[in-house]
Amino acid sequence: MGLTLTLKYRPSAFKEVIGQEHVTTALMGSLQSKQIHHAYLFSGPRGCGKTSSARILARSLNCAEGPTDDPCGECQSCRDLVANGPGSLDVIEMDAATHGLVDDARELRDKALYAPVQSRYKIYIIDEAHQLGPAAANALLKVVEEPPPYVIFVFATTEPEKVLPTIRSRTHHYQFRLVSTEILVNHMTSVLKKESIELPVSVVELAAKIGAGSVRDSLSTLGQFISASNEPGFDYEAATRLVGQTGSLELSRIFDSLLDADIAPAIAMVESVINQGSDSRRFVQDLLERVRDMTLLLAGRSDGVKTLRSYKPEVLQGIELTAQKAGINRLIFWSEVLADHLIKLRASLPPQVILEMMFVRMMVEPSVSKTSSDPTVEPVIKAPTERAGSRLSKPEVNQSHQTTMKRPSNTVGSLQEIENVWPQIMENVKVARRLTWTLLSTGVTLEKFEDGVLTLAFVNAGAAESFTRSESAEIFQVAVSRVFSGVKQIAITVGGIPPIQKIDNEMVDEEESENALSGENLLMKELGATVISTDER
Ligand SMILES: [Zn+2]
């Protein structure tokens with residue numbers, strides 16, 4: 001069913017392409033004014049319509065009435081090139097991902113010299129163009145540089161910056177983008193109408209969420225829901241289970257029990273996630289999103305409800321109560337713990353253990369957790385003018401390089417020298433790899449320096465573990481060697497003396513974790529809150 005919906009609603013003309021108006025309008029304009037280029041580059045995330053649009057461009061160019069922005073649909077070419085049609089001899093699709101296209105490219109170079117068989121243009125659609133090998137690109141380049149008047153190239157790629165510059169520079173570049181949830185929901189609603197099928201709005205929104213900006217993936221998920229909707233009792237909860245998401249009632253139960261210091265339901269949930277082979281990361285993302293929703297509700301943002309999933313009223317009421325009971329500090333604390341564990345799930349530790357420890361940490365009072373500052377007077381959101389130095393303040397990040405170095409005075413030998421150049425070392429680390437820098441910023445002391453072995457003591461066991469797993473020691477060693485010679489090896493221990501002050505934004509790095517949002521980032525993104533500098537500005 002999913003596949004058929006996707007195929008059935010595949011566009012055959014630019015006016016049918018969903019959510020890419022910035023591209024389709026421009027292309028239609030140039031078709032109207034007969035400004036035809038010989039090489040196009042379509043870039044953008046997967047599933048957002050690049051290849052479909054390349055085919056539509058070919059159809060528009062080769063229509064007997066064309067080139068036109070509105071193919072007639074009647075001529076031979078239009079019928080051949082309609083979505084799911086038989087295709088045309090003069091429109092040749094090649095996938096550079098399959099085998100670098102070396103032989104194909106040579107053949108193409110030779111064949112391109114022949115005029116099209118039955119159409120106006122001979123059009124080459126080259127998918128995954130960034131994977132064209134240098135040999136293939138060279139073979140193509142000659143044709144791209146001096147194309148016969150009837151040859152047109154459309155390169156499609158998810159990574160335009162990796163397309164060989166010699167090719168890229170000769171193309172007209174059109175950037176496709178992810179489609180907004182709102183547009184996806186509208187589109188699917190109209191599809192359902194045409195199919196005379198009714199589904200709850202929340203289910204359609206879930207399909208859009210799973211589709212994550214892709215019309216194709218959204219429709220495919222919608223098809224899955226339509227098939228399941230024949231079964232009695234199909235609702236949002238059933239749909240979430242179908243796509244491996246945690247149901248909203250189950251999520252409510254987990255948070256409520258954590259607040260009652262009862263960890264049993266959470267542990268049971270972990271067991272069912274593991275036993276069902278569900279995606280642990282998605283489970284944590286679901287929890288994180290719920291915390292986000294609770295934060296929005298608590299903040300009482302008037303348009304907050306719009307950004308929330310369409311909860312049933314009774315569920316929404318429960319969520320609001322839980323949010324009030326938890327309070328903003330705990331919600332922030334939860335979001336930090338969750339974001340933190342989202343990263344940890346990347347390590348090859350058993351996910352069950354990680355998830356269980358996550359809930360244990362969420363259950364304890366934030367004040368006795370590893371967060372060393374007093375969370376009841378939450379310093380995460382505060383006026384930017386507030387200076388470090390008060391009990392509540394966090395240090396500016398660049399100062400924290402020094403503050404992590406507070407250490408008893410019994411340092412021996414050149415350990416002191418390393419401490420002296422610590423800010424420079426941290427700068428080097430930051431440039432080399434941000435994750436390593438973030439891990440070091442969670443609270444690290446220099447334990448000792450003996451026989452060329454520099455021992456780092458992490459306050460946070462999780463950070464130490466990630467440091468080792470992410471091969472950060474090598475990065476760190478290189479960074480050290482730039483300003484200090486003689487360090488031959490880095491050793492890691494846990495249990496350093498907690499630094500006097502530390503950065504709150506541990507473990508989370510945007511580059512390393514595209515999905516994870518720290519508490520601060522979440523709030524900044526959702527509420528527009530001002531966050532003290534956890535990022536060096
Ligand atoms: Zn036509």
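Biologist: Let's start with Val 315. Is Val 315 buried, exposed or partly exposed?

Modeller: In this predicted model, Val 315 is partly exposed, because 18 other C-beta atoms lie within 10 Å and a residue needs 20 or more to count as buried.

Biologist: And where does Val 315 have its place?

Modeller: Val 315 is in helix H17, which covers residues 313-344.

Biologist: What is Val 315 in contact with, leaving aside its neighbours within four places in sequence?

Modeller: Those contacts are Ser 248, Leu 249 and Ser 252. Ser 252 is 63 residues away along the chain, and its C-alpha atom is separated from that of Val 315 by 8.2 Å.

Biologist: Staying with H17, how do the axes of H17 and H18 cross?

Modeller: They come within 10 Å and cross at roughly 165 degrees. Angles over 145 degrees count as roughly antiparallel, so H17 and H18 are roughly antiparallel to each other. The crossing of these two helices is right-handed.

Biologist: Which residues meet there?

Modeller: From H17 you have Trp 334, Val 337, His 341 and Lys 344, and from H18 they meet Ile 354, Met 358, Arg 361 and Met 362. By class, that contact of H17 with H18 divides into 5 nonpolar, 1 polar and 2 charged residues.

Biologist: Who meets whom between H14 and H18?

Modeller: On the H14 side, Ala 266, Ile 267, Val 270 and Ile 274 take part, and they meet Pro 351, Gln 352, Leu 355, Glu 356 and Phe 359 of H18. The contact of H14 with H18 counts 7 nonpolar, 1 polar and 1 charged residues.

Biologist: Switching to strands. How many residues of S1 are buried?

Modeller: Strand S1, residues 39-43, is mostly covered, with 5 of its 5 residues buried. Ala 39, Leu 41 and Ser 43 point one way from S1, while Tyr 40 and Phe 42 point the other way, and all are buried.

Biologist: Does S1 pair with S4 in the parallel or the antiparallel sense?

Modeller: In the parallel sense: S1 and strand S4, residues 151-157, pair over 5 bridges. Leu 41 stands opposite Phe 155 in S4.

Biologist: And how many bridges join S1 to S5?

Modeller: There are 4 bridges between S1 and strand S5, residues 172-175, and these strands run parallel. Phe 42 stands opposite Tyr 174 in S5.

Biologist: OK, on to the other sheet. In what order do S6, S7 and S8 come?

Modeller: The 3 strands form an open sheet in the order S6-S7-S8, and the pairing is mixed. Strand S6 (444-450) and strand S8 (489-494) are the edge strands, each pairing on one side only. Direction ignored, neighbouring strands of this sheet are turned by 25 degrees against each other on average.

Biologist: How many bridges join S7 to S8?

Modeller: Strand S7, residues 453-458, is joined to S8 by 6 bridges, and the two run parallel. Leu 456 has Ile 492 in S8 as its bridge partner. Helix H23, residues 461-469, packs on the sheet and touches S7 and S8, and its direction makes about 155 degrees with that of S8.

Biologist: Nice. Which residues are buried in H10?

Modeller: Helix H10, residues 201-211, has Val 203, Val 204, Leu 206, Ala 207, Ala 208, Ile 210 and Gly 211 buried. The cover over the buried residues of H10 includes helix H9 (181-194), helix H11 (215-228) and helix H12 (236-242). Just after H10, Ala 212 takes a positive phi of about 45 degrees.

Biologist: One more residue: where is Gln 424?

Modeller: Gln 424 is in helix H21, residues 422-432. With 15 other C-beta atoms within 10 Å, Gln 424 is partly exposed. Gln 424 and Arg 482 are 58 residues apart in sequence and 9.1 Å apart in space, C-alpha to C-alpha.

Biologist: To finish, how many helices and strands does the protein chain have?

Modeller: The protein chain has 25 helices and 8 strands. Of its 537 residues, 41% count as buried. Among contacts with a separation of 6 or more, residues 24 or more positions apart account for 74%.

Technical notes:
Residues numbered from 1 in each chain as written. Predicted model: local features only at pLDDT ≥ 70, side-chain atom pairs only at ≥ 80, totals over all residues. Contact = placed C-beta atoms within 7 Å. Nonpolar A, V, L, I, M, F, W, Y, C, P; charged D, E, K, R; others polar. Pairing = 2+ DSSP bridges. Axes fitted to C-alpha atoms, helices over the stretch in contact; angles between N-to-C directions. Buried ≥ 20, exposed ≤ 12 C-beta atoms within 10 Å, placed from the backbone. Parallel < 35°, antiparallel > 145°, perpendicular 65-115°, else oblique. Left-handed = near helix turned anticlockwise from the far one by under 90°.
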